[in-house]
Amino acid sequence: MKKSTFLATLVTLFVISVATSNYASEGFREKFKLENEHLLISVGENNLFTLTDKKTGVIWHPDPWEGTTGEIKVTYPANLFDKQASEKQTRSASIDINKAREVICRRKGPRTVQWISSGFTLKGRPIKGRVAFEMKFAEDKPVIEIEVTDVKIEEENIDWEAFHFLPRWFSLKLVSDTGYLVVPANQGFIFPVGDVALDRIDWLSGTYVFGQRPYSRSYNPFFCFYGIVNRNSALRNSALMVRFEHSYDTKIQFHGNQKLREDTPRISAISPIILPSKGELGYRRKFVVEIIPNGSYVDMAKRYRSWLKSNGLYKSLKEKIRELPAVEKLVGTPIIWTKPGHLRVTKAPEVNPRYTGSEKIIGTFKDIPKMMRRLKAEGISRAFILITGWEREGVAFKEPDHWPPNKKLGGLAEFKKIFSKELRKEFPGYIIGLYNIYNDMYVDAPSFDESKIIRNKDGSLNGGDFWHGGLAYIICPTQYRSFAEKDFATYKRELELLDCILYDNITDLRECYSPEHPLTRKEAAEARCNFLKWTVGKKLIIGTEFSRDWLTPYVHYCDGAVGAYGYNLRDAMHENIVPVPLWDIIFHDSVVNYWWHWNNYVFSTTYVMNRPYTWMDMALQDILCANPGTWSINPEIINYWSKIMGQVSPIQSKISKSLAHVEMIGHEFLERSCMVQKTIWADGTEIYVNFRVNEFIMGNITIAPKGFYLTGSPELGELRGAMTEGFRLD
């Protein structure tokens, strides 16, 4: 054995022994253990698990708050325990599976742990129930496969709503640990802890702050993995990645710098919540825990991408273009939202669930070709014009009925001119699309039909939010096509050249209890995918509001894939939530990615790490990730914004087009404030962006304030630019 190898082995053994003895001093008493070359699982007499990364000595301790392996959230009628309560009232409670009347945690073969707990207690009353899962070690890899095989409550009137599985097993303590969580929300973000909790410049006071504010939230995952990186080891990172098979019935619970009680430690943790499928487990839930040697959030995203590809769940943009050549028009093309009409509304009385208000028309269908000519005059040769508010009485009013076009905006005659072959000859690089809503149904819609709406478990109609037309009832996805077929037949008859459709909020999965079209969430996702496949068959470019990994094989672009927050200002206002381009690392060369339409450059309401994020920052973010940009125009602002777009869009388009089919293989923060970042691409391209208002110098690289530097591109060579009102190319 080489001397260096021998010394490294001694150090590793020393770290493991110290870590283990430290944990033993906290009262841990081992019942049995399983291990391979990479990992060690110790099962205590309290049936809790510890996981040791043998290469670094880092130990992932069990839940430090409640000491539990799982918590089942149940709901029940209030009068079940309180005879004075109303029959309509419900209560909820959590059941600790470690406190079951019988808990079996045993070795099953040389590499498997089996857990079975049965017989629970609720409010002092015994109830029937069972939880079972197994953990299986890989023989020669740092991998554990976990399969939940049973979750049930066998009592009338008591339903389980969620199973928080292995809660807070993977956590970092604020006072002693260094590392970060990896959270699969929107674009993706990390939550740093300890020395990695990067310095922040408070934008109000101008002073450096250290982020310790508590934060907690559960997320519907945009892709099926989460992770945590522990940097305590003197040897290297212990990066732990957890991949799960489906996001349909899974949520992610995130705790940042939180404590449960005064006697519990302040931690940052991440863990899965398993949702029932129509009140039952429905199908086995599988999780794969993997230690990535010296890994990072970039390595996790790259491994997830590889897993998708190896399982036939990834479809490249090149493949989509081969199937539908028109998709090539999206490459390097900025999206420009146009909303000819504008509706200002106030809420109507509660007895009448509708909105009323005054309407201000700020543009008509005639203005759209005029604005296109203005953009072309500023040098914008490629643009994706997306029209919203064109429907019979405006957006979110009488859907799912869209046709005919709004008479107040010019009606059918003027609308048809936008899609004419004659206009397209004038704009060969432009594509034009419509914003359609098949998720919502309003009571004033001509096609209003209760039989098409999702039914709740109690038989009531499933409602969403209030919009201009009042309460939006949610249409079952099995019924989308019945409305779309009518619209698409009309488009084919009336419009000469329609290129694209954007579907509103098709990612929202809800169970349907209608006897005519019952669906689980998993079946709802499958119904949406089938609807998208049907739409692609109409030879149209297809996009969806927001993004989910299960949609990407069937869409060409995503509205809301860029940016860590979407409409969630709570996330954006926390200084320790740091956006990272996980989505782009996984899907950049699969779908064209845009900001959410309510969060475009022109009408930005974005914050990042509790700092205002201007349109300039958003444009730089798109340069960093080689995305083509997201704008919004109307006749009142076109003169000002077209000049800026003329400076910015051609540069973004050039970069986006050159890297549209290239994998992003790396992302780095180059200084502690996270204000200077770098992306690395498979063709050798590197893009540096400086979000700061002062110059950044690193070696022989100098980046101007609000500037960028691109190098190593086989197609573009070097590009360097900075913000004025738009971009200045040096």
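**Strand pairing and helix packing in the predicted model**

Strand β10 (residues 143-153) pairs with β22 in the antiparallel sense over six bridges, where two strands are taken to pair if DSSP finds at least two bridges between them. Within this pairing, E145 has V288 of β22 as its bridge partner. Strand β22 (residues 285-293) is also joined in the antiparallel sense to strand β19 (residues 238-244), over seven bridges, and here V242 stands opposite V289 in β22. Strand β22 is mostly covered, with seven of its nine residues buried, the term buried denoting under 20% relative accessible area, against over 50% for exposed and values in between for partly exposed (1.4 Å probe, protein chains only).

The structure is a predicted model, in which local features need pLDDT of at least 70 and side-chain atom pairs count only at pLDDT 80 or more, whereas totals for chains, interfaces and linings use all residues. Residues are numbered from 1 along each chain as its sequence is written, and side-chain values use heavy atoms, with hydrogens and water left out.

The protein contains 12 helices and 48 strands, these being DSSP runs numbered from the N terminus (helices H or I, at least four residues; strands E, at least two). Of the 730 residues in the protein, 61% are buried. Among contacts (heavy atoms within 4.5 Å) between residues at least 6 apart in sequence, 66% join residues at least 24 apart.

An open sheet is formed by three strands in the order β30-β32-β31, with antiparallel pairing; its edge strands, β30 (440-441) and β31 (463-467), each pair on one side only. Strand β31 runs antiparallel to β32 (residues 470-474), to which three bridges join it, and the bridge partner of F466 in β32 is L471.

Two packed helices are described by the angle between their axes and the distance between the axes. The axes of helix α7 (residues 480-494) and helix α8 (residues 521-536) come within 11 Å and cross at roughly 15°, the axes being lines fitted to C-alpha atoms over the stretch in contact and the angles running from 0 to 180 degrees between N-to-C directions. Helix α7 is therefore roughly parallel to α8, given that angles under 35 degrees count as roughly parallel, over 145 as roughly antiparallel, 65 to 115 as roughly perpendicular and the rest as oblique. The contact involves Y480, R481, A484, E485 and F488 of α7 together with R528, F531, W534 and T535 of α8.
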